[in-house]
Amino acid sequence: MAALGASRLVARNCALIRLTSLSNGGTCINHYKFSSKAFNEWRHQVIKCQPWNKSNSQRCYFMIGSSKCHRHFISKSQECFLNVKNTEIGNVAQSSSVRPCIFSEKWLKKDALSGTLPPWKLQNVADVQILRSFHGSPSLKAAPVPILWMILKPAQKLLAIILGRSIRKWWRALPPNKKELFKEAARRNKWKIVLGLCSLGIIYIMFYFTHLEETPITGRVRLLVFGKEHFTELSQIEYNMWMEEFKNKMLPERDPRYQVVKKVVSHLAESNKDVPQISEFQWTVHVVEEPDINAFALPNGQVFVFNGLLTAVKDIHQLSFILGHEIAHVVLGHAAEKASLEHFLGFLSLILLTMIWAACPRDSLAIIGQWIQTKFQELLFNRPYDRTLEAEADKIGLLFAAKACVDVRASSVFWQQMELAETMQGNPKLPEWLSTHPSHENRAEHLDRLIPEALKIREHCNCPALASEDPRLIFKLSVQHLLQTSKEGDPNVTNHGKTNVNLPFIGKKMPVDVLSGELSR
């Protein structure tokens, strides 16, 4: 009976181990084996699992071998063992037909010292031999919610189109008398129909208000269906895609341009380490040899900077502001927020899409109606919301730059430079309501309104005094001089078709070594 009870304890504890392994998902690293001196005439294979060793005072193993030994260890330490919260247990590798169980080195030593380990006297607990390196299979994981949503979104639209088209064909095929019967039934039950639609609307509104959260730092209330944890896997997929696309265009770490960007990002992160959303990331820099004036940061802290941006900025202050803007997108969780809005509006768009394909008499009209509905959603919801997020990232990016003792006055100058360059190149201006970003002119004006507050933050951080010459005034004088001299001839056009705007009152572009030295100071 005692043996039967002990075996039941073994089974129950091993079941607890397997349940705990599903939740923790650790990985066994190395196989170990106790020598014959440790257990008289018994040789047991033991696996040390590194993820379990969260406490240096206790090391956990699991053993494949005789059930007698299992019964002894489990029965002697069952109080601690049955309390799963007190055991650092990870994933148990099912590498043997024999049921594995876990024991602790701490328990073994306790039993050995108390003399309660006959007939298997433990001579040397630390007498362990490494057999071979081993990596357990990773536990199966469900795809993150955003990935499933991205995969199913096109299928949902297709199903809505098929459903709407089927309803239209079904209605056309009905005899006139049955159509009248359906209309009469709808008139009789119109209040029930209205009540059902109102109930769905109330549920939809309740879903909206129960998923509202405050944005970090700004406190703006927003809809958030997806959390940051949902974007971990999605960010890794996106990161792998970008790395594959730019694998032959990445600047090496020894390149001075890479060093400048890395120092700027590190300086921003160090100066704002009091912000939890910044300190929790390991910011990694990638500089791409591309002429585009662009930079972006993924939700997992991977920062990509194009070489075209490094040639567009005039000094280290402008570069710091731009990178602070990209870091702000990550800190504020804009990727999850944008996906949440599209997910919320996607349900309504599916209903409208079904109604359009059901009501339009021909497929051509339904296609036109679908195009109008898509553009209406973009212009009325998506693009204004994108511009709001960009303005918020400008505000917080300016805050990060101010705490890093950057000359925040240069932030608006950068967008004025971009506006001037587009004007000199003769590029057509896209109306702001058609764009996902605010216009360069409006961004500069918005930053000018925020600069006084940023200067106060800069003073509060005990930053060095700024130069007396305001870069905004210098730029204004330079533009006036440029307009006067441009009447005599066109600006010089490079072989790439881009206009070189020569601003005499602004110093020439500083080389990267000077930028690096300025940043270190």
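Predicted model: local features only at pLDDT ≥ 70, side-chain atom pairs only at ≥ 80, totals over all residues.

## The disulfide

A search of the whole structure turns up one disulfide. Cys 405 and Cys 463 form it, with their sulfur atoms 2.0 Å apart. The torsion about their S-S bond is about -75°, so the disulfide is left-handed. The pair links distant parts of the chain, 58 residues apart: Cys 405 sits in the loop between α14 (363-403) and α15 (410-425), and Cys 463 in the loop between α16 (440-460) and α17 (471-486).

Cys 463 is buried, at 14% relative accessible area. Turning to other cysteines, Cys 360 is buried at 16%, while Cys 198 is partly exposed at 41%.

## The nonpolar cores

The largest nonpolar core holds 49 residues, and Trp 283, Leu 319 and Leu 323 have the most contacts inside it. Helix α12 (residues 316-331) supplies the largest share, nine residues. Among the residues that Leu 323 touches are Val 261, Val 264, Leu 268 and Val 305.

A second, separate core has 14 residues, including Tyr 204, Leu 223, Val 225 and Phe 344.

## Helix α12

Of the 16 residues of α12, 15 are buried, so this helix is largely enclosed by the rest of the structure. It reaches 22 Å from its first C-alpha to its last, close to the expected 22 Å.

At the N-terminal end, Asp 315 caps α12 through a side-chain oxygen 3.1 Å from the backbone nitrogen of His 317. Just after the helix, Gly 333 takes a positive phi of about 65°.

Note on methods. Residues numbered from 1 in each chain as written. Heavy atoms only, no water. Core = buried A, V, L, I, M, F, W, Y, C linked by side-chain atoms within 4.5 Å. Buried < 20%, exposed > 50% of the residue type's maximum accessible area, 1.4 Å probe, protein only. Helix = DSSP H or I, 4+ residues; strand = E, 2+ residues; numbered from the N terminus. Contact = heavy atoms within 4.5 Å. Expected span 1.5 Å × (residues − 1). Polar contact = N/O pair within 3.5 Å; in protein donor to acceptor, adjacent residues only side chain to side chain. Disulfide = S-S within 2.5 Å. Lists of a residue's contacts leave out its neighbours within four places in sequence.
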